[in-house]
Amino acid sequence: MTSSQHRLPRSRGLRIGLLGSYGGFNIGDEAILQCVLSCLRSHRPRAELVVFSRDAEHTRAHQPMADEVVDWEGVPQKRVTDVLSGLDLLVLGGGGILYDGEARRYLKLVRAAQVRGVRTFAYAIGAGPLREGDDREAVRTVLADMDEVVVRDEESRLVLEEVGVERDLVVTADPALLLPPEPFTAEMMRQEGVPAEARLVGMSVREPGRAAEKLDEGDYHALLADVADFLVRRLDAQVVFMPMERHDVRHAHAVLSRMTAPDRGRILHSAYTPGQVLGLMGHLDLVVGMRLHFLMFAAVSGLPVLPLPYAGKVFDFARRLGAPALVGVAREQVGLLLAEVDRLWDEFPQRRADLGERVRTLRELAAETCARCGALLDGMDGAAPCEAGGAAGARAPAPHGLHLLDAGPEDGAVRSTSAGQEA
């Protein structure tokens, strides 16, 4: 079916695909998927929701709103393109998926959808770093032909503009801000060895990753150990290390091993849903950390938050939150960091109302993405045959195409180049 022949089905609900870093690798990504599925279901209860997953078995087990789950890595490409051909809309994101080494892989599927006449919508995506030529070319070309591109923060908009994307870019906020909490029970606390009656500080650590390749692991492990020990003394607190993906466990152990009071620290060992992690925030008194969605869950829960920025997305969130944020995470900053923790704790009662208002604003922006996607769906209902790219005035896919985005051999396979990064 060519793009000019594509027509919307009349006899069934729309068939909508979701493409992102889904499959259980990261709690933040799973929170995003749950929120995007919920948005689509609210707008189109009868729609068939198809998730393209990096681990289909995990997604089937943990995302009941998905009607169909399709593996898209390490499988014959024809299987994936056959599913794409049956879609009415492909939703890209949300989350941070447009970065070096990964952007071209996601956008190859988006381009395959576009040339088959499927509408495409970027749902509060994050971008950067983008330095590699193939990724930059893919971003410029494919995003130009999407029906709408919504980014989750100002940092992503600036990255895309620097790459050369010349189209309207709407800035909203991360979809996971709308995640509903689930109970984290007293029994769960007991099983994790976390004393329910103690003052609790949550901490999130992660590997440096592409965004902070020059960050010395030993230095920042020692830095966080100093912070944890200070909080134990200053607040008479227990420190709860909360892994947001499996690699975080090793870094949590590294920090714990450097503490002078390791008996006052606990590392969560069981697997939890995003909603349960959000529910656990209700037991905490303060959080310090690196992971974006850990900080996001804490802010939504009304906690004092001290971000430790390692990437632009965390700086951007700290700014929008009005939270203190050091410029980087380095050992020599320990004195400044401890002073910020002390100030955050002392001044939070006066800042609580401001934090609540900022979070409400961010949640309204997150809901705007959902509304924009719903408006696109409304425009598709009963629409006349359309060019790929959607409504009148939208651009059809560029005729020259891109060799890295061509459909390729029918028996080829889409292969992963990395385990992904945090949303």
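Trainee: Which residues of α11 are buried?
Mentor: L292, H293, F294, L295, M296, F297, A298 and A299. Bear in mind that this is a predicted model.

Trainee: And why call α11 largely enclosed?
Mentor: Helix α11 covers residues 292-300, and eight of its nine residues are buried, so the rest of the structure largely encloses it.

Trainee: What follows α11?
Mentor: G302 does, with a positive phi near 80°.

Trainee: Let's zoom out. How many helices and strands are there?
Mentor: The protein has 13 helices and 14 strands.

Trainee: And what share of the residues counts as buried?
Mentor: 59% of the 423 residues. The accessible surface is about 16500 Å². Carbon and sulfur atoms make up 50% of that surface.

Trainee: What about contacts across the sequence? How much comes from residues 24 or more positions apart?
Mentor: They account for 77% of the contacts with a separation of 6 or more.

Trainee: Give me a single residue as an example.
Mentor: Take A366, in helix α13, residues 334-380. Its C-alpha sits 9.9 Å from that of C35, yet A366 and C35 are 331 residues apart in sequence.

Trainee: Is A366 buried or exposed?
Mentor: A366 is buried, at 1% relative accessible area.

Trainee: What does A366 touch, leaving out residues up to four places away in sequence?
Mentor: A173, D174, P175, L177 and L178.

Trainee: Are D174 and R152 buried or exposed?
Mentor: D174 is buried, with a relative accessible area of 3%. R152 is buried as well, also with 3%.

Trainee: How many salt bridges turn up in the whole structure?
Mentor: The search finds 37.

Trainee: How exposed are D134 and R104?
Mentor: D134 is partly exposed, at 35% relative accessible area. R104 is partly exposed too, at 24%.

Trainee: Which salt bridge does E207 form?
Mentor: One with R206, where the closest N and O atoms are 2.7 Å apart. Both E207 and R206 are buried.

Trainee: Which residues belong to the network around that pair?
Mentor: R206, E207, E245, D248 and R291. Salt bridges with shared partners join them into one network.

Trainee: New topic, strands. Where does Q238 lie?
Mentor: In strand β10, residues 237-241.

Trainee: Q238 is polar. Why does Q238 count as buried?
Mentor: Because its relative accessible area is 12%, and buried means under 20%.

Trainee: So what does Q238 touch, again leaving out residues up to four places away?
Mentor: There are two runs to look at in the list. One includes P195, A198, R199, L200 and V201. The other holds D263, R264 and G265.

Trainee: Thanks, that's what I needed.

Methods. Residues numbered from 1 in each chain as written. Predicted model: local features only at pLDDT ≥ 70, side-chain atom pairs only at ≥ 80, totals over all residues. Heavy atoms only, no water. Helix = DSSP H or I, 4+ residues; strand = E, 2+ residues; numbered from the N terminus. Buried < 20%, exposed > 50% of the residue type's maximum accessible area, 1.4 Å probe, protein only. Contact = heavy atoms within 4.5 Å. Areas by Shrake-Rupley, 256 points an atom, 1.4 Å probe, with all protein chains shown as cover. Salt bridge = Lys/Arg side-chain N within 4 Å of Asp/Glu carboxyl O.
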